[in-house]
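Thanks for coming, everyone. Please bring the structure up on your screens, and we will walk through a few spots.

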Amino acid sequence: MAEEKIFHESPDRQVALKDVRNIGIMAHIDAGKTTLSERILFYTGVNYKIGDTHEGTATTDWMAQERERGITITSAAITCTWKGHKINIIDTPGHVDFTAEVERSLRVLDGAVAVFCSVGKVQPQSETVWRQAQKYGVPIVALVNKMDRTGADFEGVVEEIKTKLGAVPCPIMLPIGKENEFRGVIDVLGNRALLFPRANDPQDQGMTIEVQELTGELAERREAAYHDLIEKVAEADDELMELFLEEQPIEPEVLRPALRRATLKAKVVPVAAASAFKKIGVQPLLDVVVDYLPSPIDAWDIKGTDPVTGEPKTRHVGDLQPFSALVFKIMTDPYVGKLYYFRVYSGVAKQGMTVLNPRTGKRERLGRILQMHANKQEEHEQMFSGDIAAAVGLKNVTTGDTLCLEEDPIVLESMSFPEPVISIAVEPKSSGDRDKLAKGLIALSDEDPTFRVHSNEETGQTVISGMGELHLEIILDRLVREFKVEANTGAPQVAYREALCGNGEANTKFVRQTGGRGQYGHVIINLMPLERGSGVVIENKVVGGNIPKEYIKPIEQGIREAAASGILAGYPLIDFKVEIIDGSYHPVDSSEMAFKVAGSMALKEAAKKAGVMLLEPIMKVELTTPDENMGDLIGDVTSRRGAVVEINSGAGGFTRVLANVPLSELFGYATAIRSLSRGRASYSMEPAHFERVPKQIQDKVVEKK
């Protein structure tokens, strides 16, 4: 199999496919993610000077550096090389509240580095990003950072990775000293000490690594760690288990591939130690990344579907395969316009090539192809299988779209983004800001598939919709920070729907005589409810030409427009069928407009006879809570009209609770669960379905309208 994979490489490729790593750096806020990224860029030769977050000179720290330029353009992907390996570092967001950000980052990652603070250990945010990575089966390497800090506790972090995250941590780089005494790491598999004697020297910046033999207490610690490593890996790898049970000596050259196999199956987590700020231990971490995290060929089969037949279709990684790529992020660059970040899964992306977007069925042209080297853009003629790049010049492409060849199309497994469920009205604080607000909202909605903008025709207000209160809060914050525009906002509104209680009929005439030519439209309809998700179905059953064919379309338009503006409280009427059964027309006074109005009036009349109920969005809430807080959190869900669907005891003293809860009861929920669990519980929610609103709540909603 290995030979076959190598066979698929292009002779133009500079780095072999097996030497490519697509990784993300995941971390709790303040664990040192940006500082670590800076050091990686320096040691891999991308930057010639080290930036620091506390001095405001970090390359990847766009919040400070790029504020005046508007939009971050550097955080999506950074490319660097280490010991002949090409490493694409993809930005993984700090906030897991943003479904789209997490989903798209993990969708194109092959592996991840989880950074933990040696003092803060496994913090709530770390738990959340870890579970997200596990959900997508992304192999992880852990780094215990800030080993120079007072109170640094390497063993404590390793223990919490085991107890809080339910993982199997395997320390392969142990710290030598800690706090002020931290000066290097023990390479467990290499059986050596790696010291950084000139890390504080501005001329050296941690470039000099002194390799020493292990003696005394350091040799004992390495020996214990090595035996512990063998036991943990043997439990996760059958080949090593055989040798272990036969009590044969297991050398590092046998243990290394076994550790890699176990890491790729996400059964163990290699752990390293460093102080990125003090420039100690970053290069050994890069060695761990290239040795144990997957290359694109480790995910050999790429699953998709045939856009024509809908049948499952598989693509293999490789440059000589038909081209396929996934667009995972869209960002706006003030100089080149929109950048479409994509990962090439198979084949080669060439500048100027014509590709197909199977979602739209339209052709697109790949204009310039750029690779991001931190804050610099490098233009390339072509990008190979496994690469991540940005294209300029695409037109009708959105996040999650596949790009492929017209003659051999495929739709790759995309990212499903839930519909927004909460809305607020926004308006600029000054009339001069109106254009800036519109421009900012359009740019943000292009970047984020779960954020929508529309105008309310009745009030003329601009309404923005998103996945929750926090989501919209951050959007408004970005408007201020990146687009320099402040907005006034209304109270959050739930996106209700309306539905029929039963059948109804209407015999409606629209007649208007105003001198001269009048208006005449006469429609008879039957109305009936359909199952949830069926949509709006309109059937023409008129016979004998009582209503001429050219007037049927306007009747349909009138019905759909009336349904969109609602019957009961102004929310869209959904899932119903209309049969247009009869009517009449006037040879002079009838017009398209008259029949459109008649259709609209008929729907309203029939719906009132049928009875209309209000539906509310029900959210599927997934709670992960420490066992000791489970009772309080379930009680809280029940008090919010929620129904618990499932309770699963998980690893590390955590329980997973699945519940269906009405969205209207979830305002302020993030704060509530934080206080009930001392910040340790986390949740994610997505729209599940719509359910009938209790009568007393429906009355209040209708009254408000």
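Which residues does Glu-579 touch, not counting residues up to four places away in sequence? They are Ile-524, Ile-525, Asn-526, Met-528, Glu-539 and Lys-541. Contact here means heavy atoms within 4.5 Å.

A word on the source before we go on. This is a predicted model, where local features need pLDDT of at least 70 and side-chain atom pairs count only at pLDDT 80 or more, while totals for chains, interfaces and linings use all residues. Residues are numbered from 1 along each chain as its sequence is written, and side-chain values use heavy atoms, with hydrogens and water left out.

Back to Glu-579. It is found in strand S34. Helices (H or I, at least four residues) and strands (E, at least two) are DSSP runs, numbered from the N terminus. Is Glu-579 buried or exposed? It is buried, because its relative accessible area is 11%. The cut-offs are these: buried is under 20% relative accessible area, exposed is over 50%, and partly exposed is in between, with a 1.4 Å probe and protein chains only.

Now look at one of those contacts again. Glu-579 forms a salt bridge with Lys-541. The closest N and O atoms are 3.2 Å apart. This pair links distant parts of the chain, 38 residues apart. Lys-541 sits in the loop between strand S33 (536-540) and helix H13 (552-565), and Glu-579 in strand S34 (residues 576-584). Lys-541 is partly exposed, at 39%. By salt bridge I mean a side-chain nitrogen of Lys or Arg within 4 Å of a carboxyl oxygen of Asp or Glu.

Stay with S34 and look at its partner. S34 pairs with S32 in the antiparallel sense, over 8 bridges. Two strands pair if DSSP finds at least two bridges between them. Where does Leu-527 come in? Leu-527 stands opposite Val-578 in S34. On another pairing, Gly-504 stands opposite Leu-527 in S32. That pairing joins strand S31 (residues 504-512) and strand S32 (residues 519-529), antiparallel, over 9 bridges.

How many salt bridges does a search of the whole structure find? The answer is 37. Here are some more.

Take Arg-363 and Glu-406. Their side chains meet in a salt bridge, 2.9 Å from N to O. This pair also links distant parts of the chain, 43 residues apart. Arg-363 is in strand S18 (residues 362-365). Glu-406 is in the loop between strand S23 (402-404) and strand S24 (411-412). Arg-363 counts as exposed, at 58% relative accessibility. Glu-406 is partly exposed, at 42%.

Next, Asp-19 and Lys-18. They form a salt bridge, with the closest N and O atoms 3.3 Å apart. Asp-19 counts as buried, at 15%. Lys-18 counts as partly exposed, at 43%.

Asp-306, Lys-313, Arg-315 and Asp-408 are linked by salt bridges.

Last stop: Phe-182. Where does it lie? It lies in the loop between strand S7 (173-176) and strand S8 (184-187). Why does Phe-182 count as buried? Because its relative accessible area is 6%. Leaving out residues up to four places away in sequence, Phe-182 touches Met-147, Asp-148, Pro-175, Ile-176, Gly-177, Ala-274, Ser-275 and Ile-280.
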